[in-house]
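Welcome! Have the sequence and the 3D view ready, and let us walk through them together.

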Amino acid sequence: MLDAVREAGDLAVAQYALLAHELDGIRRTVMRLGSSFGGGLIFLCCGGFLLLVAAVKLLAWLTGSEVLGALIVAAPFIAAAIGLGHWGARKMLSVGRPSEGA
């Protein structure tokens with residue numbers, strides 16, 4: 001009986017060591033994956049910014065005015081911001097009001 005208890009204790013220690021090793025491997029894999037996606041996201045943002053700058057410079061060359069080129073490139077973003085602001089304001093104002101279907 002004493003040998004069985006001793007072997008059970010040894011088995012529990014071995015299982016704990018195996019669990020710690022596996023969790024360390026999983027943690028390393030998740031960290032590598034997160035850093036890869038983070039680096040990719042940084043490159044994507046930088047590329048998008050450079051694309052917008054290039055579009056402004058192209059439109060400035062075509063129109064002869066850098067301000068007009070910047071305004072043309074910014075127009076969709078301004079429209080999206082206005083639309084999202086309007087949508088958000090409507091949602092905030094509707095909080096607490098009873099719905100029409102109730």
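Below are some questions and answers about this structure.

This is a predicted model, in which local features need pLDDT of at least 70, side-chain atom pairs count only at pLDDT 80 or more, and totals for chains, interfaces and linings use all residues. Residues are numbered from 1 along each chain as its sequence is written, and side-chain values use heavy atoms, with hydrogens and water left out.

Q: How many helices and how many strands are in the protein chain?
A: Helices (H or I, at least four residues) and strands (E, at least two) are DSSP runs, numbered from the N terminus. Helix 1 covers residues 2–63, and helix 2 covers residues 66–94. The count for the protein chain is two helices and zero strands.

Q: How far apart are the end C-alpha atoms of helix 1?
A: The expected span of a helix is 1.5 Å times one less than its number of residues. For the 62 residues of helix 1, that rule gives 92 Å. The model agrees with this, as the end C-alpha atoms are separated by 91 Å.

Q: Which residue just after helix 1 takes a positive phi?
A: Helix 1 ends at residue 63. Just after helix 1 there is a phi of about 85°, and the residue that takes it is Gly64.

Q: What radius of gyration does the protein chain have?
A: The radius of gyration is taken over C-alpha atoms, and the globule rule is 2.2 Å times the number of residues to the power 0.38. For 102 residues, a compact globule would come out near 13 Å. The C-alpha atoms here fill a box of roughly 90 × 50 × 15 Å along the principal axes. The radius of gyration of the protein chain is 29 Å.

Q: What percentage of the residues of the protein chain count as buried?
A: Buried means under 20% relative accessible area, exposed over 50%, and partly exposed in between (1.4 Å probe, protein chains only). Ile82 in helix 2 counts as exposed at 58%, while Ala54 is partly exposed at 43%. Of the 102 residues, the buried share is 4%.

Q: How much of the accessible surface of the protein chain belongs to carbon and sulfur atoms?
A: Accessible areas come from the Shrake-Rupley method with a 1.4 Å probe, and for residues only the protein chains shown count as cover. The protein chain has about 8,900 Å² of accessible surface. The part that belongs to carbon and sulfur atoms is 75%.

Q: What accessible area do Tyr16, Leu19, Leu23, Ile26 and Val30 have together?
A: These five residues form a nonpolar patch on the surface. Patches are made of residues with over 30% relative accessible area and no salt bridge, with like charges joined within 9 Å and nonpolar side chains (Val, Leu, Ile, Met, Phe, Trp, Tyr) within 5 Å. Leu19, one of the patch residues, lies in helix 1 and has a relative accessible area of 48%. Together the patch has about 540 Å².

Q: Why can Asp24 and Arg28 point the same way in helix 1?
A: Asp24 and Arg28 both lie in helix 1, four residues apart. An α-helix has 3.6 residues a turn, so residues three or four places apart point the same way.

Q: How far is the sulfur of Cys46 from the closest cysteine sulfur?
A: A disulfide is a covalent bond between the sulfur atoms of two cysteines. Here it is counted as a pair of cysteine sulfur atoms within 2.5 Å, and a search of the whole structure finds zero. The closest cysteine sulfur to that of Cys46 is in Cys45, too far for a bond, at 7.0 Å.

Conventions: Salt bridge = Lys/Arg side-chain N within 4 Å of Asp/Glu carboxyl O.
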